[in-house]
Amino acid sequence: MIEYADYGFYVNTYKGSLSVDLFNSLIPKASREIDKVVNRELQEEDIDNKVKFVACELVEFLNKSESSNGGVSSISI
């Protein structure tokens with residue numbers, strides 16, 4: 001499975017503030033959610049900054065929802 005953003009993009013372009021460990025624990029789940037929405041795994045040539053930003057937004061959302069209410073039951077992109 002491809003992870004749609006890396007920590008370098010998250011910190012330098014997206015300007016996120018999560019730790020590398022927390023980001024790395026959440027990006028696989030965020031990437032799987034993107035796969036579900038597009039009904040396939042994207043390939044490297046499909047990934048642009050928009051997809052990376054969506055992945056980063058999902059990481060932030062997952063972090064907030066897991067820390068506040070014990071988890072996310074569904075995500076709508």
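A: Start with Lys 15, which is found in the loop between α1 and α2. The model is predicted. The phi of Lys 15 is positive, near 70°, and the residue is not a glycine. Most residues other than glycine have a negative phi. Is Lys 15 buried or exposed? Its relative accessibility is 62%, so Lys 15 counts as exposed; the cut-off for exposed is over 50%.

Now step back to the whole chain. The chain has three helices and zero strands. Along the sequence the pattern reads α-α-α. Of the 77 residues in the chain, 36% are buried. The accessible surface is about 4,700 Å², and carbon and sulfur atoms hold 47% of that surface.

Tyr 7 and Tyr 10 sit three residues apart in helix α1, so about one helical turn separates them. An α-helix has 3.6 residues a turn, so residues three or four places apart point the same way. The whole structure holds six aromatic pairs. In one of them, the ring centres of Tyr 7 and Tyr 10 are 5.9 Å apart and the planes meet at 40°, so this pair is tilted. Tyr 7 counts as partly exposed because its relative accessibility is 26%. Tyr 10 has a relative accessible area of 0%, so Tyr 10 is buried; the cut-off is under 20%. Ring pairs also build a cluster from Tyr 7, Phe 9, Tyr 10, Tyr 14, Phe 23 and Phe 53.

Phe 23 is one of the buried residues of α2. Others on that list include Leu 26, Ile 27, Pro 28 and Ala 30. α2 has 19 residues and spans 27 Å from first C-alpha to last, close to the 27 Å expected at 1.5 Å a residue. α2 also has a kink of about 30° at Leu 26, shortly before the proline Pro 28. After α2 comes Asn 39, with a positive phi near 60°.

In soluble globular proteins, nonpolar side chains tend to be buried together. Here the largest nonpolar core has 20 residues, and Tyr 4, Ala 5, Ile 27 and Val 59 have the most contacts inside it. At least two residues of this core come from each of α1 (7-12), α2 (20-38) and α3 (49-69). The largest share, six residues, comes from α3. Which residues does Ile 27 touch, leaving out those up to four places away in sequence? They are Glu 3, Ala 5, Ala 55 and Val 59.

Leu 58 is found in helix α3. Its relative accessible area is 7%, so Leu 58 is buried. The C-alpha atoms of Leu 58 and Ala 30 are 5.4 Å apart, although 28 residues separate the two along the chain. Across the chain, 68% of the contacts with a separation of 6 or more join residues 24 or more positions apart.

Methods:
Residues are numbered from 1 along each chain as its sequence is written. This is a predicted model: local features need pLDDT of at least 70, side-chain atom pairs count only at pLDDT 80 or more; totals for chains, interfaces and linings use all residues. Side-chain values use heavy atoms; hydrogens and water are left out. A nonpolar core is a set of buried Ala, Val, Leu, Ile, Met, Phe, Trp, Tyr and Cys residues joined through side-chain atoms within 4.5 Å. Buried means under 20% relative accessible area, exposed over 50%, partly exposed in between (1.4 Å probe, protein chains only). Helices (H or I, at least four residues) and strands (E, at least two) are DSSP runs, numbered from the N terminus. Contact means heavy atoms within 4.5 Å. Accessible areas come from the Shrake-Rupley method with a 1.4 Å probe; for residues, only the protein chains shown count as cover. The expected span of a helix is 1.5 Å times one less than its number of residues. The bend at a residue is the angle between axes fitted to the seven residues ending there and the seven starting there. Rings of Phe, Tyr and Trp (its six-membered ring) pair if their centres lie within 6.5 Å; planes under 30 degrees apart count as stacked, over 60 as edge-to-face and the rest as tilted.
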